[in-house]
Amino acid sequence: MVFSSLLFLFRFLPIVFLIYYLVPAKLKNTVLFLASLFFYTWGEPKFFPVMLISIGVNYVAGLLMEKYDQKEGIRRACFWFSFAVTLGFLLFFKYTNFFLSNLNAAFGLSLPLLPASEFHLPLGISFYTFQILAYTIDVYRRKIKVEHNLIDFGAFVVLFPQLIAGPIVLYPDISRELKNRKITLAQVDEGVGLFIMGLASKILLADTIGSLWTEVQTLGFSNVSTALAWLGVLAYSFQLYFDFSGYSLMAIGLGRMLGFYFPQNFNYPYISKSITEFWRRWHITLSSWFREYVYIPLGGNRVKKSRQFFNIFVVWFLTGFWHGANWNFILWGLYFFVLLMIEKTFLLKHLQKSRVLSHLYLIFFVMISWAIFAVSDLSMLGELFARMFSLAGGTDWLYYLRDYAGVLVLSVLASTPFFKILADTWGKNRIVRTVFLSALLMVCIAFMVDSTYSPFLYFNF
């Protein structure tokens with residue numbers, strides 16, 4: 001079940017919110033927990049036990065670490081057991097076939113792969129695994145108090161607005177709201193607005209501009225002009241951004257309607273003037289997770305330069321590998337490691353001298369990164385790069401530019417604070433805001449009725 005579906009909008013959401021608002025405060029987490037489990041099992045019934053085991057193991061581990069607070073050996077054993085089980089599920093489902101296929105290729109073996117029909121990637125496992133791990137790590141570090149209420153802990157893990165594709169919500173972010181939250185009409189109104197804007201980002205921008213990238217792929221990279229190849233990569237850059245940021249915005253809006261304040265996940269990354277700044281604005285909760293639970297434990301920047309570079313290498317290798325079990329994702333992560341090291345070593349101070357040149361630099365190298373990210377077949381990726389840098393002529397791009405000019409212009413504007421400035425100016429008028437959001441929702445629904453199934457890109461990761 002996806003947010004941008006009629007089933008979610010007109011069946012699941014009204015029923016859940018009606019029950020949620022009507023029940024007393026002490027039952028709201030129970031409703032939320034059960035509704036979230038239903039939401040998850042609707043799309044992944046076979047992996048329901050995996051979710052329950054992850055919740056149960058980490059809940060019990062937290063209680064045992066608290067009970068044996070003065071016995072470090074028992075605490076450590078509880079922590080590592082829960083860590084191994086939780087991370088083990090992610091490694092098994094996401095990476096087993098990757099390792100087996102690479103062993104077969106490297107050593108001429110014939111190890112059988114897991115059948116994809118039975119062992120595909122469970123929805124949201126990359127995201128909820130990181131949330132659970134963060135909780136257990138923080139309990140082990142004694143940074144947070146143990147959650148004693150199983151329903152509250154389960155609601156934290158499977159909270160349906162951000163369960164499938166983030167943002168990654170840490171326990172301290174919502175621990176107070178899990179116990180005591182107020183839901184006001186102003187919160188609900190704000191949440192509805194955020195949800196509709198996120199839905200529009202997904203339906204009207206991501207899905208529409210994504211059709212251009214699909215058409216370029218269908219034509220074949222070796223059959224398009226250099227200009228069309230770049231236009232296709234530009235389309236994918238916008239598609240990925242509005243798809244993922246749209247989902248995050250919808251999740252934040254739904255959370256607000258439920259009384260939760262989820263952390264921001266995107267902050268106009270395409271207006272950045274360096275790769276360093278870009279990663280402070282793109283998928284903020286993932287960057288924060290790796291900084292807190294990988295980079296700092298490795299020593300962070302409190303070590304000598306060579307060790308710091310190694311720490312950053314590990315973070316970016318894992319960041320790439322987290323996104324998918326393919327070599328292109330590892331290359332993508334290491335690509336950003338190299339760029340960040342170049343900036344850290346000498347380039348960053350030069351980028352600050354020119355806003356225009358630094359922004360062009362950012363857009364060029366980010367588009368290259370999305371080409372690596374989008375094409376998992378390395379031979380096809382080679383074809384794409386060959387076409388992008390071969391200066392192959394042709395007028396095919398004019399045809400596609402004509403068809404997609406409108407959505408390209410909208411995408412450029414929407415990737416900047418342009419519409420936010422308009423909203424801050426005109427959106428203060430309640431009538432204008434209501435009419436605009438209502439019209440936007442109606443247009444989104446019309447597109448949803450007329451379109452084919454279009455899942456979120458980050459469901460794959």
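Q: What does Glu-277 form with Arg-281?
A: A salt bridge, and the closest N and O atoms are 3.0 Å apart. Keep in mind that this is a predicted model.

Q: How many residues apart are they in helix H10?
A: Glu-277 and Arg-281 are 4 residues apart in H10, so about one helical turn separates them.

Q: Why does that spacing matter in a helix?
A: An α-helix has 3.6 residues a turn, so residues three or four places apart point the same way.

Q: Is Glu-277 buried or exposed?
A: Glu-277 counts as buried, because its relative accessibility is 17% and the cut-off for buried is under 20%. Arg-281 has 18% relative accessibility and also counts as buried.

Q: How many salt bridges does the structure hold?
A: There are 17 salt bridges in the structure. One of them joins Glu-72 and Arg-75, with 3.5 Å between the closest N and O atoms.

Q: Where do Glu-72 and Arg-75 lie?
A: Both are in helix H4, which covers residues 72-107, and they sit 3 residues apart, about one turn of the helix. Glu-72 is partly exposed at 29% relative accessibility, whereas Arg-75 is buried at 1%.

Q: Which residues are linked with them in a network?
A: Asp-69 and Arg-142 join Glu-72 and Arg-75 in a network of salt bridges.

Q: What about Lys-202 and Asp-243, how do their side chains meet?
A: They meet in a salt bridge, at 2.8 Å from N to O. Lys-202 is in helix H8 and Asp-243 is in helix H9, so the pair ties together parts that are 41 residues apart in sequence. Both residues are buried.

Q: Where is the kink in H8 centred?
A: The kink is centred on Ala-206 and amounts to about 30 degrees. After H8 comes Gly-220, with a positive phi near 95 degrees.

Q: Changing topic, which residues form the nonpolar patch on the surface?
A: Leu-410, Phe-418, Phe-419, Leu-422, Trp-426 and Val-432 form the patch, with about 550 Å² of accessible area together. Helix H17 (residues 418-426) gives the largest share, 4 residues. Phe-418 is found in H17 and is partly exposed at 37% relative accessibility.

Q: What is the count of disulfides?
A: The count is 0. As for cysteines, Cys-78 is buried at 14% relative accessible area, and Cys-444 is buried at 0%.

Q: Last one: how far apart are Lys-26 and Asn-180 in space?
A: They are 9.2 Å apart, C-alpha to C-alpha, and 154 residues apart in sequence. Lys-26 is in helix H2 (residues 25-43) and counts as exposed, at 72% relative accessibility.

Notes
Residues numbered from 1 in each chain as written. Predicted model: local features only at pLDDT ≥ 70, side-chain atom pairs only at ≥ 80, totals over all residues. Heavy atoms only, no water. Patch = residues over 30% accessible without salt bridge, like charges linked within 9 Å, V, L, I, M, F, W, Y side chains within 5 Å. Areas by Shrake-Rupley, 256 points an atom, 1.4 Å probe, with all protein chains shown as cover. Salt bridge = Lys/Arg side-chain N within 4 Å of Asp/Glu carboxyl O. Helix = DSSP H or I, 4+ residues; strand = E, 2+ residues; numbered from the N terminus. Buried < 20%, exposed > 50% of the residue type's maximum accessible area, 1.4 Å probe, protein only. Bend = angle between axes of the 7 residues up to and from the residue. Disulfide = S-S within 2.5 Å.
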